[in-house]
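This briefing goes through the fold, the core and the open space of the protein shown below. Terms are given with their cut-offs where they come up.

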Amino acid sequence: MEMSAEADLLRRAQAGDAEASGVLYREYFENNRQINNLLLREVSAPEDREDILHDAFVSLIRSKSEFRGDARLETFVYRVVQIAILQKLRADRSRRLSKMVRLFVDLSGETMERELAITDYGFERVESEQMADRMYALL
């Protein structure tokens, strides 16, 4: 597609033209080999790849950023998808860091429970009184 035609296609999609949006999504997102290879390389879960593709498309449509046409639209879309991947990875990392882990501490028959925000998803049973004392000292 010619660069001025690409810029026109993007402008029409941003203006709400459903046909232009469909063509843009199919040609530049869904059926684009480079975009699909990027997603396969960077994101392991298929549902995450679909979410990223959708988020990147919505971002491109909603943003009124001007595609100047000095590069191919495919290059512009590739960059938008890269940014969407980075945002997803950052969100996942943030979510992982804020996961809560319950520590169960058994002190002479009495079980105490405490939640800690750590990077591990698992649950840990602390049985040693000495270890429990050290953990609570850190709190």
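On a 1 Å grid over the protein atoms alone, a pocket is an open set of points where a 1.4 Å probe fits, with protein on both sides within 12 Å along at least five of seven lines, and its lining residues have an atom within 4 Å of a point. Grid points are joined across faces, edges and corners, and a volume is the space filled by probe spheres set on the points. By these terms, the largest pocket holds about 190 Å³ of space.

The model is predicted, so local features need pLDDT of at least 70 and side-chain atom pairs count only at pLDDT 80 or more, whereas totals for chains, interfaces and linings use all residues. Residues are numbered from 1 along each chain as its sequence is written, and side-chain values use heavy atoms, with hydrogens and water left out.

**Largest pocket**
- The lining of the largest pocket consists of 13 residues, and those nearest its centre are Asp55, Ser59, Val80, Ala84 and Gln87.
- Two or more lining residues come from each of α4 (46–62) and α5 (73–97), and the largest share, six residues, belongs to α5.
- Sorted by class, with Ala, Val, Leu, Ile, Met, Phe, Trp, Tyr, Cys and Pro as nonpolar, Asp, Glu, Lys and Arg as charged and the others, Gly among them, as polar, the lining has seven nonpolar, four polar and two charged residues.

**Fold**
- Six helices and three strands are present, taken as DSSP runs (helices H or I, at least four residues; strands E, at least two) numbered from the N terminus.
- Along the sequence, these elements follow the pattern α-α-α-α-α-β-β-β-α.

**Burial and core**
- Of the 139 residues in the protein, 29% are buried, where buried means under 20% relative accessible area, exposed over 50% and partly exposed in between (1.4 Å probe, protein chains only).
- Val81 is in contact (heavy atoms within 4.5 Å) with Phe29, Ile35, Leu38, Leu39, Ile52 and Ala56, leaving aside its neighbours within four places in sequence.
- In helix α2 (residues 18–30), the buried residues include Leu24 and Phe29.

**Arg72**
- Arg72 sits in the loop between α4 and α5 and is partly exposed, with a relative accessible area of 42%.
- The C-alpha atoms of Arg72 and Glu6 are separated by 7.8 Å, although these residues are 66 residues apart along the chain.
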